[in-house]
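Please open the structure in your viewer and keep the sequence beside it, so that each selection can be followed in both.

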Amino acid sequence: MSSPLSALLAPRSVAIVGASDNMARIGGRPLRYMREAGYDGRILPVNPNRDTVQGIPAYASIAALPETPDVALLAVPAEATVQAVRDAAQLGVKNAIIFSAGFAETGDPGRILQDEISQIARKSGMRILGPNCLGVFNPASNFYGTFSVVLDNEFIKPGPVGIVSQSGAYGAHIAHLARNRGLGISHWITTGNEADLNLAEVLHWMVDQPETKVIMAYAESIRDHELFFAALEHARRNEKAIVFMKTGRSDVGAAAAASHTAALAGSDAVFDAVLRQFGVFRAASTAEQLDVAYACARGIYPRGNKIGIFTMSGGFGIQMADDAVANGLDVAIMPEDAQEELKAMLPYASPRNPVDATAQVVTDLPLMAKYINAVVDKGGYDIFVGIFGTGPGSSSFAEPLRKTLLEATKGYEEKVLALTMSAGPDVFRRYEANGFIAHEDGSALIRALGALTRFRRSFDEAQETAPVAPGEKISIEASALSERGAKDVLSRAGLTFPQERLVAPGGDIGAAAGEIGFPVVLKISSPDIAHKTEVGGVAVNIRTAEEANRMGAEILAKAVEKCPSAYLEGIVVAPMISGGVETIIGVVQDPVLGPVVMFGLGGIFVEVLKDVTFRAAPFDVAEAHRMIREIRGYAILEGVRGEEPADIDALAELLSNLSRFAAANADRIESIDLNPVRILPKGQGVVPLDALLILRQGGQ
């Protein structure tokens, strides 16, 4: 994907419109930062009131510039920004960064100004970052197109961490924390109001930067979900970790009143599931976001989840083992022959895992080296963690211990090597330079290591599958569909329903029931009645033709009484199917993320526990299997208390087919409910018993 961001982040020349001699002002800070950092491009201050700005020749206007800059930094008030954008476009400037606030975030008047800026950009081909942003910086090129005070006292070193944030303040905060943690930054970009360039486009570009190994992202909303999904998929196929902080919740809209699926689909729950779908780690806190990014910064991800824990204190080792299990890590026992070897070295030690060498090894560092080497070499672990407490910070013990650890782990640099310890920042930096992940908090470290294994699994899954295309576009002529109509449409998408009969009003319902085979279910069929049970429109366990005719007549009469204006197609006669596991499947149009598929167990699991999960459409069968395994009640599908395992393969096929239909027909589909769907024993398939398909008004 070609992008203006390459020039935006490494310009050969930059104009600062509203440049100030006052280094504390918005127009003064970026000029000061670039001068002090040694930016070797040309700086063109624009200020009609001064001949020079901070010692650099200034120009009275954009039109007066002696050359067309690669980037224009606009540090003028909102009311002057539109004209500045127009002037820059006329000069042929291709990239502009707008610092000023006072646009769409302030209401309608500001939105009008922002729309005007967008129109100028579209017509001229100029790309705009902002408005209402803190800008960008690229430490490798010493380009600091920002007025953030985070750079006041100290610049940030180049490194493997990219930062993309809709919020300038949050972006500055995590940049500061990353610097304190010893992490260098490849590129720092804040997108603000996103009048043009948005977070998704920036993410996609940042993935392609070879120096970037991990990206910390912050968003309050997503403006282009298709581009966003493409960026996330691009990241995992290129093995670039994204650690995401997402805030804010939104209502899924009025469709919730008509769709059970929509009522369950809070957008935050959807966003959470979609991030999992694309292998993104969603941080619960800023501290966690930083911890995980720190662990990813080396770009080494374990091939498996087996963790070996070395400790000199049983209590600390047990705590870490508990945390490891909770985070999906396998605290596998050391092989028997390795345990015997360790026992021979230290008879009083506990060599299982956690491997407790006791404090005895502190007095014999060569023995410690042999002990740790045996754990790393013979344990078959993907991750090694050593618990060392205050030892690495001891003035007399620190350097001998560091050399011991380097000797013990030499030749195993491809493994994830981690330590917990209490020491000063300089000690942490030395261990990090030697290839260790070092953390003071053992629980936080283990959460980050668990994230590494999940990233590795997602990266591998991406390589094993091809991108999924939407299904076939299906023509839907009606403005509303009955259950019968919904099933007809969904059948064309590859879904299979039980054999049914539609009997028009006045027809012989009993005869149709006899053809289906007793017992049967009777249901009113009308595009104007979404919830049949609310009007008495369902009768179950009908066992004779006479009962079928009588109950059918009653259902029609109730429908006429309660919905006199409804168009009645008649009575659907369906087989009475029981057995299997009851589930619910649906589709909802998330207002931010587009069509998403929901799956969960039915009955109490969905009504009370809301044990459901989601995926953005479309997705393949392998992703459907991962989706199914996410629900808390998954064990029920595997078979419990002597029950046969359910046909999970058929369920995954249905979910994938439905997702492809939903993606191809998103302009027509508001929501879909398949409830209940019975998952029969393995090899016997799935049976959707009811279908509600709500069409989008005004769709094509």
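This is a predicted model: local features need pLDDT of at least 70, side-chain atom pairs count only at pLDDT 80 or more; totals for chains, interfaces and linings use all residues.

Residues are numbered from 1 along each chain as its sequence is written, and side-chain values use heavy atoms, with hydrogens and water left out.

Switch to a cartoon view next, where the protein chain has 23 helices and 29 strands; these are DSSP runs numbered from the N terminus, helices being H or I with at least four residues and strands E with at least two.

Now select serine 100, which is in the loop between β6 (95-98) and α4 (108-124). Is serine 100 buried or exposed? Serine 100 is buried, with a relative accessible area of 9%. Leaving aside neighbours within four places in sequence, serine 100 is in contact (heavy atoms within 4.5 Å) with residues including Leu74, Val76, Pro131 and Asn132.

Finally, go to the largest pocket, which holds about 690 Å³ of space. Of the 28 residues that line the largest pocket, the closest to its centre are Lys532, Thr533, Asn675, Pro676 and Asp690. A pocket is an open set of points on a 1 Å grid over the protein atoms alone, where a 1.4 Å probe fits, with protein on both sides within 12 Å along at least five of seven lines, and lining residues have an atom within 4 Å of a point.

Key: Buried means under 20% relative accessible area, exposed over 50%, partly exposed in between (1.4 Å probe, protein chains only). Grid points are joined across faces, edges and corners, and a volume is the space filled by probe spheres set on the points.
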